[in-house]
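Hi,

Here is the structure I promised to pass on. Have a look at it first, then read my notes below.

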Amino acid sequence: VEKFVVLLTDGDNTQSRWSNNTFSIDQRTRMACNAVKDPSKKITVFSIRVIAGNANLLRDCATSPGFYYEAADASQIQPAFQAILKTITAIHLAS
């Protein structure tokens, strides 16, 4: 069974359950991404940044830079999901 995560965000990390410090929240996000991407879990991570947010953090969160997408506005979300679906389908068919 192949596992995939799609992380979609529409802004900067400005508030969490534990903090409102952007740096601290970004660090927790990075730790969560690294935990999900642990090779032993065999999970492929895609990330989509909509309008704003930490592009480097989200690019690093994706399994590879090619699995990171940017959407300048909401109309570009669907094409990003279509590209992700095409990638997943290609991975599935090749396995």
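Asp38 is partly exposed, with a relative accessible area of 29%; here buried means under 20%, exposed over 50% and partly exposed in between, using a 1.4 Å probe and protein chains only. Asp38 sits in the loop between H1 and E2, and its side chain makes a polar contact with the side chain of Ser40 at 2.6 Å. A polar contact is a pair of N or O atoms within 3.5 Å; within protein, one must be able to donate a hydrogen and the other to accept it, and residues adjacent in sequence count only if both atoms are side-chain atoms. The H and E names are DSSP runs numbered from the N terminus: helices (H or I) have at least four residues, strands (E) at least two.

Before you go further: this is a predicted model, where local features need pLDDT of at least 70 and side-chain atom pairs count only at pLDDT 80 or more, while totals for chains, interfaces and linings use all residues. Residues are numbered from 1 along each chain as its sequence is written, and side-chain values use heavy atoms, with hydrogens and water left out.

Back to the loops. Lys42 is also in the loop between helix H1 (22-36) and E2, and it has a positive phi of about 50° although it is not a glycine. Ile51 has a positive phi too, near 70°, and belongs to the loop between E2 and H2. Lys42 counts as exposed at 67% relative accessibility, and Ile51 is exposed at 57%. From Asp38 to Ile51 it is 13 residues in sequence, and 28 Å in space from C-alpha to C-alpha.

Now for the inside. What makes up the largest nonpolar core? It has 12 residues in all, including Phe46, Ile48, Leu58, Phe67 and Ile84. Such a core is a set of buried Ala, Val, Leu, Ile, Met, Phe, Trp, Tyr and Cys residues joined through side-chain atoms within 4.5 Å. Strand E2 (43-50), helix H2 (55-61), strand E3 (68-71) and helix H3 (77-94) each supply at least two of its residues. In soluble globular proteins, nonpolar side chains tend to be buried together.

Ser47 is in strand E2 and is buried, with a relative accessible area of 0%. A polar atom of the Ser47 side chain lies 2.6 Å from the backbone oxygen of Leu58.

Finally, the charged pairs. How many salt bridges are there? The count comes to three, where a salt bridge is a side-chain nitrogen of Lys or Arg within 4 Å of a carboxyl oxygen of Asp or Glu. In one of them, the side chains of Arg30 and Asp60 meet at 3.2 Å, N to O. Arg30 lies in helix H1 and Asp60 in helix H2, so this pair ties together parts that are 30 residues apart in sequence.

Glu70 and Arg49 also form a salt bridge through their side chains (2.9 Å, N to O). Glu70 is in strand E3 and Arg49 in strand E2, so that pair links parts 21 residues apart in sequence. Arg59 forms a salt bridge with Glu70 as well, with the closest N and O atoms 4.0 Å apart. Arg49 counts as buried at 15% relative accessibility, whereas Glu70 is partly exposed at 43%.

Cheers
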